[in-house]
Amino acid sequence: MPLLKLTGQTGEYLFDPEKAETVLSRKGKFGTVFAGIRMSDSSKVVIKHFNNDLLIYPYSLMQFRFEADAQLDSPYLRKTFEYIPTGQNHFLIQEYISGYDLKTFLSFSKKHRQSVAFIVRCMINVLEGLEYLHSKNIVHCDLKPANILIETDEKSNLKDEKNPSIRIIDLGNARTPLNLLMDTLTPFSLVYSPPEQALHLYNLVDAQSDVYTAGIVLYELISGEPPFASKHPEALMHQQVSGQLIAHPSIPAPLFEIIKKASAKISLPRPPAQLEIAERMKYIQEGKKLRYASASEMKQALISFLGNYREKKSWLPW
């Protein structure tokens, strides 16, 4: 089968949907994800093909093309070049990033896995990206290690050890004032989600919700394990809405205090189903008051931590 060519308003792109090595994912959030080529400079691009079966959901196509419509421009986010509709098909063209998701990178890079300072520097850059999104009234709502890419060269080496190139990806569940009360099309990752999102109290989802998730992700990246985990959905839900973080030996005490503040919440006195919505909202709001007010606040706390932290060579996480 010959290469397929997509013609957009800013460029032309080639890809081969039948070639196995060009398929990056057959189970993307909205459909199949391919690697393609931009014809103007022969650079690699990511081509996302929308699964039309999702059109039964009213806002699915709007969520799919959100990153193109938002016209975001930040060194901490994956660039989206354009959205291309062709007949019954819909495509999103995005920047191809050579690298790995952050947790995968740490799993094979012992040097970086053993460095609290390196992981904190990565999270500072993640928070820079969240700051930018929040300045645009966008809440990511699905931050997790798989949605944080670290850029490397072809030999898996970092381009800058002291300032790692971090990109936040996948805004398919992002919320803005325009879609704040919209039902979520695709499932978010419960293990990283704040109580207000886990309980579908979307009117309480805001920038502090992403701050909560940043704390949970940072905990996992350093300790090698999520703070809340269970094979039973009900037990996991209980931990998410009422469980409190427990200190981990891999996490320095001052840093744990930052993580604990970022991911603060108040335990519910009874299971959510036994509480009126107003009661649930009251407890969630009280918990949010204990968190950092913004990504910028958490970022400054991490910068201060780094200024006083001295790496311990004997520290062995994971």
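**Entry 1: the chain as a whole**

How many helices and strands does the secondary structure of the chain come to? I looked this up and found eleven helices and ten strands, where helices (H or I, at least four residues) and strands (E, at least two) are DSSP runs numbered from the N terminus.

I note that this is a predicted model, in which local features need pLDDT of at least 70 and side-chain atom pairs count only at pLDDT 80 or more, while totals for chains, interfaces and linings use all residues. Residues are numbered from 1 along each chain as its sequence is written, and side-chain values use heavy atoms, with hydrogens and water left out.

I then checked the confidence, given as pLDDT (the predictor's confidence in each residue, from 0 to 100). The chain averages 90, and 94% of the residues score at least 70.

**Entry 2: dimensions, burial and charge**

I compared the radius of gyration, taken over C-alpha atoms, with the globule rule of 2.2 Å times the number of residues to the power 0.38. The chain has 20 Å, which agrees with the value near 20 Å for a compact globule of 318 residues. Along the principal axes, the C-alpha atoms fill a box of roughly 60 × 50 × 35 Å.

For burial I used relative accessible area (buried under 20%, exposed over 50%, partly exposed in between; 1.4 Å probe, protein chains only). On that scale, 52% of the 318 residues count as buried. The chain exposes about 15600 Å², of which carbon and sulfur atoms supply 53%; the accessible areas come from the Shrake-Rupley method with a 1.4 Å probe.

I also looked at contacts, meaning heavy atoms within 4.5 Å. Among those with a separation of 6 or more, residues 24 or more positions apart account for 64%.

For the charges, I counted Lys and Arg as positive and Asp and Glu as negative, leaving out His and the chain ends, and placed each charge at NZ of Lys, CZ of Arg, CG of Asp or CD of Glu. The mean positions of the 37 positive and 34 negative charges are 5 Å apart.

**Entry 3: helix α8**

Which element of the chain has the lowest mean pLDDT? I found that α8 does, at 84, whereas helix α9 (residues 253–262) has the highest, at 98.

In α8 (residues 233–242), the buried residues are Leu-236, Gln-240, Val-241 and Ser-242, and they pack against α6 (195–198) and α7 (207–223). Leu-236 counts as buried because its relative accessibility is 13%. Leaving aside residues up to four places away in sequence, Leu-236 touches Leu-190, Phe-228, Ala-229 and Ser-230. Its C-alpha atom is separated by 15 Å from that of Thr-213, 23 residues apart along the chain.

Ala-235 is also found in α8, but it counts as partly exposed, at 30% relative accessibility.

**Entry 4: loop residues**

Where does Ser-42 lie? I located Ser-42 in the loop between β4 (31–38) and β5 (43–50), and it counts as exposed at 55% relative accessibility. Although Ser-42 is not a glycine, its phi is positive, about 60°.

Asn-137, in the loop between α5 (116–135) and β9 (148–151), has a positive phi near 60° and is likewise a residue other than glycine.

Last, I looked up Asp-153 in the loop between β9 and β10 (166–168), which is partly exposed, with a relative accessible area of 31%. Asp-153 and Ser-98 are 55 residues apart in sequence, yet 6.7 Å apart in space, C-alpha to C-alpha.
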